[in-house]
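Hi,

Here is the structure I said I would pass on to you. Have a look at it first, and then read my notes on its charged residues below.

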Amino acid sequence: MIDLRSDTVTRPTEAMRRAMAEAAVGDDVFGEDPTVNRLEEHVAGLLGKEAALYCPSGTMTNQVAVFVHTRRGEEVLLHEGAHVFNYEAGAPALLSGVQIRPVPGENGILSPETLRAVLRPENVHFSRQALLCLENTHNAAGGKVYPLKDFAAVAEEARVLGLKVHLDGARLFNAAVAAGIGAREWCRHADTVSVCSSKGLGAPVGSLLAGDEETIGEARRARKALGGGMRQAGVIAAASLYAFEHHVERLAEDHERARRLAEGLREAGYVVESPETNIVLVGVGDDAEGFLGALAREGVLATPAAAGRVRLCTHLGVGDEEVERAIEALARARSEMTRR
Ligand code: TLP
């Protein structure tokens with residue numbers, strides 16, 4: 001099987017497993033795990049922030065951010081396709097008691113104008129708006145890079161309106177590598193940033209939330225309250241550290257393979273948007289589930305996406321040969337679907 005469902009499906013490499021086996025550990029709830037401490041310092045440095053907090057998942061780093069930036073009854077503004085809104089099991093309501101204001105925007109991008117259009121003045125009828133969440137790359141938009149200029153503009157508008165800004169940067173390093181811009185350039189415009197090591201970077205688990213000392217101190221309390229305080233977590237943190245140190249630049253290979261995949265699929269007759277990073281959205285018509293079944297029989301796994309499309313992700317476990325085989329499998333699945 002060629003598994004293109006997500007870049008989360010990677011297995012740790014031999015070198016990563018060695019780093020895990022050899023990791024120095026301690027009790028991280030006491031702040032005594034040297035590997036976790038090194039990872040948090042390393043990632044804070046990469047993102048240009050004072051501090052960072054290691055958590056099990058991107059969902060937890062995002063939700064801890066929502067928790068520390070808001071009070072019950074407040075409103076969080078985000079793009080209508082945001083992961084925080086659509087794929088985190090209703091956690092903003094469940095854990096933080098906030099309401100969500102989904103805002104439309106092309107390619108996952110929000111403009112200062114759209115933000116101003118949903119502004120609620122101070123009035124007893126209205127929920128107070130506390131937080132803007134942005135996502136880069138934008139998953140549902142097909143791994144789109146948030147142009148730095150647009151990001152800076154909307155974040156600046158948010159600041160003027162008195163909102164905090166959180167960046168869901170689960171795939172921020174994909175954006176950085178694709179655009180040739182340092183990850184910290186986006187982070188300068190956000191109060192907190194979450195980044196994942198378990199997506200394209202290939203670690204089995206792990207996400208970090210970065211921000212200023214005070215906010216990350218509060219986040220550490222929130223993580224404990226949510227059951228995310230881990231003990232000898234250095235064993236898994238070592239995989240994340242390895243991923244941040246060794247697997248960032250290679251994301252360019254995933255992007256190149258995504259481009260090749262899109263090109264091959266276009267030649268096979270598919271409607272495919274040009275990928276900017278490692279996510280390819282492919283039009284398959286009304287019966288996406290039927291198509292995914294046919295594709296699985298041809299040895300390729302993918303996931304459904306909105307608007308009659310399926311999502312294919314390239315990652316550490318997918319080489320050039322797998323890409324060519326996937327193109328052939330999709331070509332056969334297309335013939336099968338048209339024969340039906
Ligand atoms: N995304 C997963 C699924 O949940 C959809 C995937 O396969 O892409 N932010 C973004 C932008 C994400 O894409 C994801 C995972 C997360 C946060 C959550 O990370 P985890 O899975 O570690 O909780």
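Glu-50, Asp-212, Glu-213, Glu-214 and Glu-218 come together on the surface as a patch of negative charge. Keep in mind that this is a predicted model.

Now for the salt bridges: searching the whole structure turns up 24 of them. Here are a few to find on your screen.

Arg-171 and Asp-7 pair up through their side chains, at 2.8 Å from N to O. Arg-171 is in the loop between strand 6 (164-169) and helix 8 (172-179), while Asp-7 is in the loop between strand 1 (2-3) and helix 1 (14-21), so this bridge ties together parts 164 residues apart in sequence. Are these two buried or exposed? Both Arg-171 and Asp-7 are buried.

Glu-298 and Arg-332 make another bridge, with their closest N and O atoms 2.6 Å apart. Glu-298 belongs to the loop between helix 13 (288-297) and strand 11 (300-301) and Arg-332 to helix 14 (residues 320-339), so the pair links parts 34 residues apart in sequence. Glu-298 is partly exposed at 25% relative accessible area, and Arg-332 is partly exposed at 40%.

Arg-259 and Glu-256 also form a salt bridge (2.7 Å, N to O). These two both lie in helix 12 (residues 251-267), three residues apart, or about one turn of the helix.

Last, look for Glu-75, Arg-101 and Arg-120, which are joined in a network of salt bridges.

Cheers

Terms used:
Residues are numbered from 1 along each chain as its sequence is written. This is a predicted model: local features need pLDDT of at least 70, side-chain atom pairs count only at pLDDT 80 or more; totals for chains, interfaces and linings use all residues. Side-chain values use heavy atoms; hydrogens and water are left out. Patches are made of residues with over 30% relative accessible area and no salt bridge: like charges are joined within 9 Å, nonpolar side chains (Val, Leu, Ile, Met, Phe, Trp, Tyr) within 5 Å. Accessible areas come from the Shrake-Rupley method with a 1.4 Å probe; for residues, only the protein chains shown count as cover. A salt bridge is a side-chain nitrogen of Lys or Arg within 4 Å of a carboxyl oxygen of Asp or Glu. Lys and Arg count as positive and Asp and Glu as negative; His and the chain ends are not counted. The place of a charge is taken as NZ of Lys, CZ of Arg, CG of Asp or CD of Glu. Helices (H or I, at least four residues) and strands (E, at least two) are DSSP runs, numbered from the N terminus. Buried means under 20% relative accessible area, exposed over 50%, partly exposed in between (1.4 Å probe, protein chains only).
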